[in-house]
Structures are given as C-alpha cells and as structure tokens.
Amino acid sequence: MITIRPAGDRGYFDHGWLQTYHTFSFGHYHDPEHMGFRSLRVLNDDTVAPGRGFSEHAHANMEIVSYVLDGALEHKDSIGTGSVLHAGDVQCMTAGRGVRHSEFNHSETEPVRFIQIWLVPRAEGLQPGYAEQRFPDGVKEEKLCPIVSPDGRDGSLPIHQDAFVFASILERGQSVKHMFGRGRYGWIQVARGSVAVSGVELGRGDGAAV
C-alpha cells in the first residue's frame with residue numbers, strides 16, 4: 001500500500017532568511033496526523049539564504065542526517081567537529097546524551113538547500129558522534145545508493161537504528177527496484193523532478209509511505 005503525503009500539504013514557513021518545509025510535525029508546525037513514520041521523526045527541506053543560518057542549539061537522543069542538495073553548509077558542534085559540506089555530501093550526527101551545534105550557509109552569494117532527517121535511535125543516552133561522507137552523482141545514478149545504514153555497509157554512514165537511507169538519481173525512462181523484507185516499511189521523498197512509484201505519480205516535495 002502507498003499513502004501519499006502531497007508537497008502542498010506539508011508545513012511551510014518563510015522566515016526571509018529560511019524557507020522550510022516540514023513533512024512531519026516540527027517546531028511551530030503541529031499536525032497530529034503527521035507526527036512521523038515509524039523511526040523517522042523529522043524530514044525537513046530547508047533553503048537558507050547566503051550568509052545566514054541556525055545559531056548554536058542543542059539536541060539529544062536523535063540520529064540527525066543532513067543531505068546537501070545545493071550550495072555549501074557549514075557545521076560546527078560541541079564535540080569538536082567543524083566542516084563545510086557541499087552538494088552530494090551527507091553528515092550524520094548522533095546527538096545521544098546531548099550535543100550543541102550550528103549550521104550556516106557558507107556562501108555569501110548563493111543559497112544552500114539541504115534535506116534534514118531525524119531518526120529515533122534504538123537507545124537513549126548514547127555517546128555523541130559525528131561522521132560525514134561524499135556521495136558523488138555517479139554512485140547514485142540508476143541505482144539505490146545506501147547513504148545511511150545500521151552497519152555502515154558499502155561506504156554508508158552508520159546510525160544507531162535498524163534503518164536505511166538510500167539516494168537515487170534517475171533520468172527519464174530509468175528505474176530502480178527495492179524488495180522489502182518481511183515486516184519492513186519505507187518512506188520515499190522526491191527532492192527534484194518526478195517519479196512513478198508502483199504506478200503512483202510523485203512530484204517534487206511529495207512523499208509516500210510504503
């Protein structure tokens with residue numbers, strides 16, 4: 001069964017420096033019908049204006065994955081990590097028992113767009129941690145490339161949850177297949193363009209529970 005979450009039904013806020021879409025309840029957006037999907041708690045699509053960003057703030061007991069689509073995202077945190085992520089880069093931060101971090105657009109001229117995903121970890125109070133990895137377009141073309149996994153398989157970033165995140169780039173006429181194991185569920189999110197999922201049409205910003 002496929003249940004569509006239309007792009008236009010998401011929470012949306014324009015803060016001037018930030019345009020953000022919330023697939024699930026987040027911050028000032030509350031929708032009791034969309035509090036998350038299994039261990040997937042947050043799925044935000046953020047575009048940050050040049051030179052602007054999120055000042056230092058705290059998180060705990062969450063696996064936070066950021067996937068940069070356009071531009072450059074500057075990250076700093078309380079565990080000593082500082083880096084600039086570019087399009088195709090993915091970072092995974094285990095907030096665990098507590099971490100503080102900031103995220104800023106590294107460019108003074110171009111916006112940065114990134115998808116942020118929060119997954120509930122399998123346990124609370126974990127040691128905070130950070131990892132990042134570049135996934136160039138070539139490894140995602142016409143295939144489901146694992147970018148996050150429970151065991152770091154095939155160069156993906158490991159997380160503390162039995163969940164996988166895949167990325168794919170498809171040209172017109174191309175397709176990929178995924179076979180779900182018994183008792184498994186999936187969420188599909190379209191970042192750009194449009195796709196057909198088992199005959200169901202999805203456009204940019206649409207999501208679907210499978």
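Predicted model: local features only at pLDDT ≥ 70, side-chain atom pairs only at ≥ 80, totals over all residues.

Reader: Where does Glu 171 sit?

Author: Glu 171 is in the loop between β15 (165–167) and β16.

Reader: And is Glu 171 buried or exposed?

Author: Exposed: the relative accessibility of Glu 171 is 54%, and the cut-off for exposed is over 50%.

Reader: OK, on to the rings. How many aromatic pairs are there?

Author: Seven aromatic pairs in the structure. One of them joins Phe 26 and Trp 118 edge-to-face, with 5.3 Å centre to centre and 80° between the planes.

Reader: What does that pair tie together?

Author: Phe 26 is in the loop between β3 (18–22) and β4 (40–48), while Trp 118 is in strand β11 (residues 112–119), so the pair connects parts 92 residues apart in sequence. Phe 26 is partly exposed at 26% relative accessibility, whereas Trp 118 is buried at 13%.

Reader: What about Phe 37 and Trp 187, why is that pair called tilted?

Author: Their planes are at 55°, with the ring centres 5.5 Å apart, so the pair counts as tilted. That pair also links distant parts of the chain: Phe 37 lies in the loop between β3 and β4, and Trp 187 in strand β16 (residues 187–189), 150 residues apart.

Reader: Is Phe 37 buried or exposed?

Author: Buried, with a relative accessible area of 19%, and buried means under 20%.

Reader: Which residues do ring pairs link into a cluster?

Author: Phe 24, Phe 37, Tyr 185 and Trp 187.

How values were computed:
Residues numbered from 1 in each chain as written. Heavy atoms only, no water. Phe/Tyr/Trp six-rings, centres within 6.5 Å; stacked < 30°, edge-to-face > 60°. Helix = DSSP H or I, 4+ residues; strand = E, 2+ residues; numbered from the N terminus. Buried < 20%, exposed > 50% of the residue type's maximum accessible area, 1.4 Å probe, protein only.
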